[in-house]
Structures are given as structure tokens and as C-alpha cells.
Amino acid sequence: MGKLFDRFDARFHVRRPHKRFLQRRIPEGLNYTYCFGGLALTFFIVLAVTGLMLSVYYIPSEKEAYRSILVINDEIFLGWLVRSLHKWAASFFIVMIILHTIRVFVTRSYRPPRELNWIVGCCTFLVAMASAFTGYLLTWDQRAYWATEVGTAMIQTIPLIGDHLMYAVRGSAEISGKTLIRFYSIHVLFLPLCMGFLMWMHFHMVKRQGIARRL
Ligand code: HEM
């Protein structure tokens, strides 16, 4: 395997830059709480891979969505496993982000020069929440429908623009097939692209600034 990789690397040249990227100095005295960020990334990768797999069989239409979920669960080979992995990875992703944020807060790593990374982190948090909310509707069952009904109705309480904003989010006055397609597109395209960009900024800053020294 090593020899095979050497031959591949002789043409592709991936080993040197990646070694440089992966082998970095870290301050003394770090503990396991510093793993939460990396774990969040791991769960994000699981989400992306299983999400891609689910998108092959999921049908984002008013008539077909619920049935396609049943097909994934009961008829597609290991479909239930991929769906469960997606669901559990989503929960653990959110838990890891929360733990990571607590760690950064407690160690006061948000202070300059890392204040911008804290803000970028807050944006990833919002995008993660929006992903969870839009993904919830996709099962297109009673629970999903009414949760989205309540969630989107809250937008209406915003003064002046509330009604318009709620209509924009739903795509119609009530939750409908238009809402489903809108949420699907936001869930699988807009938010993952935003998240990718934010993570790139986040890691770029971690790489450039290094991990903060422990207090
Ligand atoms: C998608 C979610 C996130 C991922 C995958 C992620 C990942 C990481 C990783 C791998 C590190 C370097 C190792 C570590 O210190 O744990 C890091 C550092 C950092 N993260 Fe996050 N993070 C996320 C969300 C957040 C959030 C929500 C915040 C705060 C609101 C945040 C603020 C920071 C800061 C300030 C650092 C630098 C910490 C230091 O130097 O000690 N991150 N992040």
C-alpha cells in the first residue's frame, strides 16, 4: 500500500504540503476539551456524505417526499442506516459545536487576535441551526409540518416586515409544496455552501493564528 501511494505521490505531490499542514506546533497543557472543534468537523463530514447519499433517493415534491422517505427506510439497501447516521450526526454536530463554544468561552480564546474567528464561529452556529430547521421539514410528515408551521409563524411577529418575511420563507401563505422545495434547496445547496465558506475562514484563521495559549 505504501509503495502504491509513493507512486501516486510521485505524480500528485500531496504528501509534503499535507504534512506541513497537519504537523503544527501546539501550546503546552491542552486537554481533551480542545477536541470538540475537530469532532464537530468530523460530524459535519458524516452529514455531508450521508446527505449526498440521501439526495439520490429523496424526492422534494409535495406528493412524493413522504413516500420517498419510506422507500429509503424500508426498500433501499442500508437506506435506514444512512438516514439514521444523518440524523444522529446532525444531533452530535450541534452538541459538539455547543461544547466547543463553551470551551472557547471558558478559556477566553475569543480575545484578540481571535475575535473575528469568534464572530465567524457564531455565523457557523446560525447556519447549523438553520440547517437543522430546514432539514426537519423534509420528512414531510405531520410532526415536520406543524413544527415548521410554528417556527415560521414566529417570523410574523417581527414588526413591519414580519408578514412579508414569513411569506418569503414559506413561498406561500401556508406551508405548501413551495415551502418544501424552498427548504430543500436551502438545506442541500445554500447552507452547505455557506458552511463550507465559513469553515474555510475558521480553519484559515486557526492555521494562521495557532491555538491560543491556556490561561
Ligand atoms: C461548524 C462548527 C465549528 C467547527 C467545525 C469548528 C472547528 C474548530 C477547530 C477544529 C478549531 C481548532 C481546535 C480547537 O481549538 O478546538 C477551532 C478553533 C476555534 N473556534 Fe471553532 N469550530 C466551529 C464553531 C465555532 C463556534 C460556534 C465558535 C464560537 C462562537 C468558534 C470559535 C472558535 C475560536 C475562537 C477558535 C480558536 C480557539 C483557540 O485558539 O483556542 N468555533 N474551531
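Helix H3 (residues 36-57) and helix H5 (residues 79-106) pack against each other at an angle of about 155°, with their axes 8 Å apart. That angle is over 145°, the cut-off for roughly antiparallel, so H3 counts as roughly antiparallel to H5. Keep in mind that this is a predicted model.

**How H3 meets H5**

- H3 passes H5 in a left-handed crossing.
- On the H3 side, the contact runs through Phe36, Gly37, Leu39, Ala40, Phe43, Phe44, Val46, Leu47, Thr50, Gly51, Met53 and Leu54.
- H5 answers with Val82, Arg83, Leu85, His86, Ala89, Ala90, Phe92, Phe93, Met96, Ile97, Leu99 and His100.
- Sorted by class, this contact has 18 nonpolar, five polar and one charged residues.

**How H3 meets H9**

- The crossing of H3 and H9 is left-handed.
- H3 brings Leu41, Phe44 and Ser55 to this contact, while H9 brings Tyr184, Met195, Met199 and Phe203.
- The class count for H3 with H9 is six nonpolar, one polar and no charged residues.
- Phe44 is worth a look, as Phe44 of H3 is part of the contact with H5 and also of the contact with H9.

**What surrounds the ligand**

- The shell around the ligand holds 24 residues, and the closest of them are His100, Arg103, Gly121, His202 and Ala212.
- H5 gives the most, with six residues.
- By class, the shell splits into 13 nonpolar, nine polar and two charged residues.

- Arginine 103 has a polar side-chain atom 2.4 Å from an oxygen atom of the ligand.
- Serine 109 also uses its side chain, with a polar atom 3.2 Å from a ligand oxygen.
- For tyrosine 34, it's a polar backbone atom that sits 3.2 Å from an oxygen atom of the ligand.

Definitions and conventions. Residues numbered from 1 in each chain as written. Predicted model: local features only at pLDDT ≥ 70, side-chain atom pairs only at ≥ 80, totals over all residues. Heavy atoms only, no water. Axes fitted to C-alpha atoms, helices over the stretch in contact; angles between N-to-C directions. Helix = DSSP H or I, 4+ residues; strand = E, 2+ residues; numbered from the N terminus. Parallel < 35°, antiparallel > 145°, perpendicular 65-115°, else oblique. Left-handed = near helix turned anticlockwise from the far one by under 90°. Contact = heavy atoms within 4.5 Å. Nonpolar A, V, L, I, M, F, W, Y, C, P; charged D, E, K, R; others polar. Near = heavy atom within 4 Å. Polar contact = N/O pair within 3.5 Å; in protein donor to acceptor, adjacent residues only side chain to side chain.
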